[in-house]
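Please read the following points alongside the sequence and the coordinates. They are set out for discussion, one topic at a time.

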Amino acid sequence: MATGQVINKPPPSLPPYPEMILEAIEALNEENGSNKSSISKYIESTYGGLPQAHKVLLNVHLAKMRESGVLVFWKNNYTKRDPNAPPRRGRGRPPKPKEPLPPGTVLSPPRPRGRPSKDPNDLQKPLKASVVGSGRPRGRPRKMAWPTGGLGKVSPASKAKPVTSSGRPRGRPPKVKPVFTEISV
């Protein structure tokens, strides 16, 4: 074995991959372009002795051709770039067109994002509106403490409903039980 050979290089009888790719796209002549698998199948059927790393080489060369602008990749298909066609838009709203600035205009740096930092020279603390406006503290009120007698014991005084300032107990009144009187016939 020769030690200076590169393994992934195609045999000398094959044309370069970019030429094979362009030939495959032209020969397939699909309306929306050709996908990677159809390009690969065409190259395999046309040229017999491909290297073992054919899929990897095809991926690398397709990516290079797409980045250089020779091919356009749209909806998982590769097509040759048409110089007269307008560029295809991506998804979403297109950006607003920018108006050219008159010459000699100096741009100020953009404002930083996020909340502005506090001024270290400003030592005055603002008063809280909720404490000043009403005597109540902010937030949910604290729970009342449990009765000292415990949870299991219920005294008769605690069964009675508390009376409000109007003299009427809170809540729904108890159901009135009918009183049966015996009628003698």
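This is a predicted model: local features need pLDDT of at least 70, side-chain atom pairs count only at pLDDT 80 or more; totals for chains, interfaces and linings use all residues.

1. The charged end of R66 is placed over the ring of F73, at 5.0 Å from the ring centre.

2. Are the two partners buried or exposed? F73 has a relative accessible area of 34% and is therefore partly exposed. Y78, with a relative accessible area of 5%, is buried. The cut-off for buried is under 20%.

3. N77 is located in strand 2, which covers residues 77-80. Its relative accessibility is 17%, and N77 therefore counts as buried. Which residues does N77 touch, leaving aside those up to four places away in sequence? They are N32, G33, S34, N35 and V72.

4. Helix 2 spans residues 36-46, and its buried residues include S38, I39, S40 and I43. The buried residues of helix 2 pack against helix 1 (17-28) and helix 3 (54-68). Strand 2 is also among the elements they pack against, and this is the strand that holds N77.

Methods
Residues are numbered from 1 along each chain as its sequence is written. Side-chain values use heavy atoms; hydrogens and water are left out. Helices (H or I, at least four residues) and strands (E, at least two) are DSSP runs, numbered from the N terminus. Buried means under 20% relative accessible area, exposed over 50%, partly exposed in between (1.4 Å probe, protein chains only). Contact means heavy atoms within 4.5 Å. A charge sits over a ring if NZ of Lys or CZ of Arg is within 6 Å of the ring centre and within 35 degrees of the ring normal.
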